[in-house]
Amino acid sequence: MVSSISLLPSTTLLTNWAIQLSSQSGLSPRHSTWQCVCFRDQKRKPKLYIIPARHFLSTSSSDTASMKLKIHATSGVSQVQRSTSSNGMKEFEMELQELFNEVKAMVKIGKERDAMDLLRANYVTVKEEIDDGLKGIQQAALLDIIALGYMAVGDLKPVPALLDMISKIVDKLNDSEPLLDSVLMHVGSMYSALGMFENALLAHQRAVSILENTYGDDNTLLVSPLLGLAKSYGSYGKANKAIGVYERTVTILERSRGSESEDLVVPLFSLGKLLLKEGKADEAEAPFTRILNIYKKTYGEKDGRVGMAMCSLANAKCTKGDADGAVDLYKSALRIIKESNYMDIDNTVLENMRIDLAELLHFVGRGNEGRELLEECLLINEKYKGKNNPSMATHLMNLAASYTRSKNYVEAERLLRTCLDIMEKSAGSEDQSITFPMLNLAVTLSQLNRYDEAEQVALKVLRIREEAFGKESLPVGEALDCLVLIQVRLGRDDGEVLSLLKRVLMIQEKEFGSSAEELIITLQRIVHFLEKMEMKDEKFKFRRRLALLRERYKQSLSL
């Protein structure tokens with residue numbers, strides 16, 4: 001019976017593919033700078049805000065700052081200088097620092113080409129030395145700075161080859177070589193930034209070993225390389241080892257600086273984040289609570305940093321299942337941040353906090369409060385950026401999703417059309433980015449029983465996405481999924497609908513595999529139409545496959 005599959009899902013449950021779509025290049029809201037509540041997965045994932053904290057240094061703080069590149073390298077591991085007994089080596093360290101500072105200064109004023117010319121000139125020099133048989137710490141250290149320089153410029157292409165050259169040199173050097181620990185930490189951070197986690201792990205392990213042999217197991221000089229090592233373990237899939245290293249780092253700092261030192265914030269934050277990632281929300285709450293207490297004692301309860309720490313603790317509570325506790329913390333955090341003037345009212349981080357709280361309020365059934373926050377985001381954005389600025393699209397879509405949840409489809413349609421108008425003026429009427437609000441509009445029109453209009457909108461989305469991403473792409477599958485549901489309500493030919501469903505299934509198989517849970521609903525729909533069209537032989541094949549998948553995932557889903 002058609003009625004068994006004819007109910008369109010709400011905008012928040014448009015398809016089962018939102019989480020997979022977010023990773024598609026060029027399509028995700030993040031890529032387009034339009035963040036959208038309506039496409040978020042219903043299973044909330046922890047979202048953490050970077051808490052300002054000291055970096056852990058083995059020399060001066062300026063050294064760390066100088067190496068803070070355009071990559072998310074491990075904090076505090078990028079210093080160049082380290083005291084040595086050789087005056088010649090000290091001069092060499094200064095020259096390295098000056099080279100990097102010069103590259104960084106060129107990048108800052110937009111002279112990337114000049115910076116790359118400088119890096120290439122230095123590479124030619126050091127390559128000649130290597131070809132002449134000089135393969136010592138000085139050559140490795142210069143290559144290290146050149147690689148860091150390329151990452152600062154944003155040109156990652158030469159970096160893997162440079163890291164390989166460095167590794168071949170340092171593999172043959174004794175651990176007693178000056179600067180070797182610093183070079184290894186840089187190399188480890190760069191490997192990590194490039195996603196080469198096994199290489200990163202090896203570099204960080206050797207750096208830690210060198211410092212342990214030189215300074216002992218409890219020296220604070222170990223903190224930076226230990227943080228790098230823990231990050232490498234975590235990225236390489238060895239979470240338990242990473243947790244152990246983070247805990248060791250915390251212990252070292254507690255012994256030297258006390259249990260309430262602000263220096264504990266970075267390892268505690270990293271530990272909490274990893275525990276959340278591993279699904280250990282109960283354990284993650286403890287490090288975030290400690291961070292909150294450290295900031296309260298250090299800066300007072302009304303400081304903006306306390307608000308930031310509250311937000312991370314709120315996410316831990318939410319992941320644990322304490323949604324009401326998370327809401328209370330979020331509200332307190334936003335009030336503190338606002339009253340302390342810690343951030344500008346239109347700051348992007350603060351904006352995202354409001355959106356996260358609004359989403360959480362909707363989740364716990366307090367939609368009116370959530371909608372007020374979304375309206376506040378819209379008004380702030382309009383005031384500071386203008387009512388026709390492309391950034392308005394985010395807030396219009398979020399607000400439309402809120403009205404859809406409350407079944408005010410008329411207001412949702414108005415907001416989506418306003419959003420579309422802004423985006424079309426900014427990106428053009430054929431750009432793939434406009435298909436996000438457009439697909440929501442198609443669902444909203446169907447909820448208003450305006451199926452013919454909804455079908456036309458969905459067809460346009462399908463056409464744009466086919467041209468942008470290819471006919472077998474996930475974005476196309478999402479559009480087909482929506483179109484099928486609309487055409488069922490319109491009573492379109494069963495054979496045509498079945499053909500579309502088979503396209504959806506083919507795309508899902510290609511993206512998720514032939515035994516993926518995502519296939520269950522599509523197979524149910526296909527079986528329904530095969531039964532309706534009395535195609536018994538084909539129906540048996542699909543029904544058996546559906547039964548196997550249901551048994552595998554122990555689900556009984558209905559359309």
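Me: At roughly what angle do the axes of helix 9 (residues 197–215) and helix 10 (residues 223–235) cross?
Reply: This is a predicted model, in which local features need pLDDT of at least 70, side-chain atom pairs count only at pLDDT 80 or more, and totals for chains, interfaces and linings use all residues. Axes are lines fitted to C-alpha atoms, for helices over the stretch in contact, with angles running from 0 to 180 degrees between N-to-C directions. The axes of helix 9 and helix 10 come within 9 Å, and they cross at roughly 150°.

Me: Are helix 9 and helix 10 roughly parallel or antiparallel to each other?
Reply: Angles under 35 degrees count as roughly parallel, those over 145 as roughly antiparallel, those from 65 to 115 as roughly perpendicular, and the rest as oblique. The axes of this pair cross at roughly 150°, and helix 9 and helix 10 are therefore roughly antiparallel.

Me: How many nonpolar residues are in the contact of helix 9 with helix 10?
Reply: The crossing of the two is left-handed, a word used when the near helix is turned anticlockwise from the far one by less than a right angle, whereas clockwise is right-handed. The contact (heavy atoms within 4.5 Å) involves, among others, F197, A200 and L211 of helix 9 and P225, L229 and Y233 of helix 10. Here Ala, Val, Leu, Ile, Met, Phe, Trp, Tyr, Cys and Pro count as nonpolar, Asp, Glu, Lys and Arg as charged, and the others, Gly among them, as polar. The residues divide into five polar, no charged and nonpolar ones numbering ten.

Me: How many charged residues are in the contact of helix 10 with helix 11?
Reply: Helix 10 and helix 11 (residues 239–257) pack at an angle of about 160° with their axes 7 Å apart, which makes them roughly antiparallel. Helix 10 passes helix 11 in a left-handed crossing, where residues including L226 and K231 of helix 10 meet residues including V245 and R248 of helix 11. By class, this contact has twelve nonpolar residues and two polar ones, and the number of charged residues is three.

Me: In the crossing of helix 20 and helix 21, what is the handedness?
Reply: The axes of helix 20 (residues 435–447) and helix 21 (residues 451–469) come within 8 Å and cross at roughly 160°. The two helices are therefore roughly antiparallel, and the handedness of their crossing is left-handed.

Me: How far apart in space are L439 and K460, C-alpha to C-alpha?
Reply: L439 lies in helix 20 and, at 0% relative accessibility, counts as buried, a term for under 20% relative accessible area, with over 50% being exposed and values in between partly exposed (1.4 Å probe, protein chains only). L439 and K460 are 21 residues apart in sequence, and their C-alpha distance is 9.2 Å.

Me: Which residues have the most contacts inside the largest nonpolar core?
Reply: A nonpolar core is a set of buried Ala, Val, Leu, Ile, Met, Phe, Trp, Tyr and Cys residues joined through side-chain atoms within 4.5 Å. The largest one has 117 residues, and those with the most contacts inside it are F288 and I291.

Me: How many helices does the protein have?
Reply: Helices (H or I, at least four residues) and strands (E, at least two) are DSSP runs, numbered from the N terminus. The protein has zero strands, and its helices number 25.

Me: Is Q487 buried or exposed?
Reply: Q487 lies in helix 22 (residues 474–490). Leaving aside residues up to four places away in sequence, Q487 touches E455, R492, V497 and L500. Its relative accessible area is 8%, so Q487 is buried.

Me: What is the phi of K407, about?
Reply: K407 is found in the loop between helix 18 (392–405) and helix 19 (409–427), and at 61% relative accessibility K407 counts as exposed. Although K407 is not a glycine, its phi is positive, at about 65°.

Me: Near what value is the phi of E534?
Reply: E534 sits in the loop between helix 24 (519–532) and helix 25 (536–553), and at 65% relative accessibility E534 counts as exposed. E534 is a residue other than glycine, and its phi is positive, near 55°.

Key:
Residues numbered from 1 in each chain as written. Heavy atoms only, no water.
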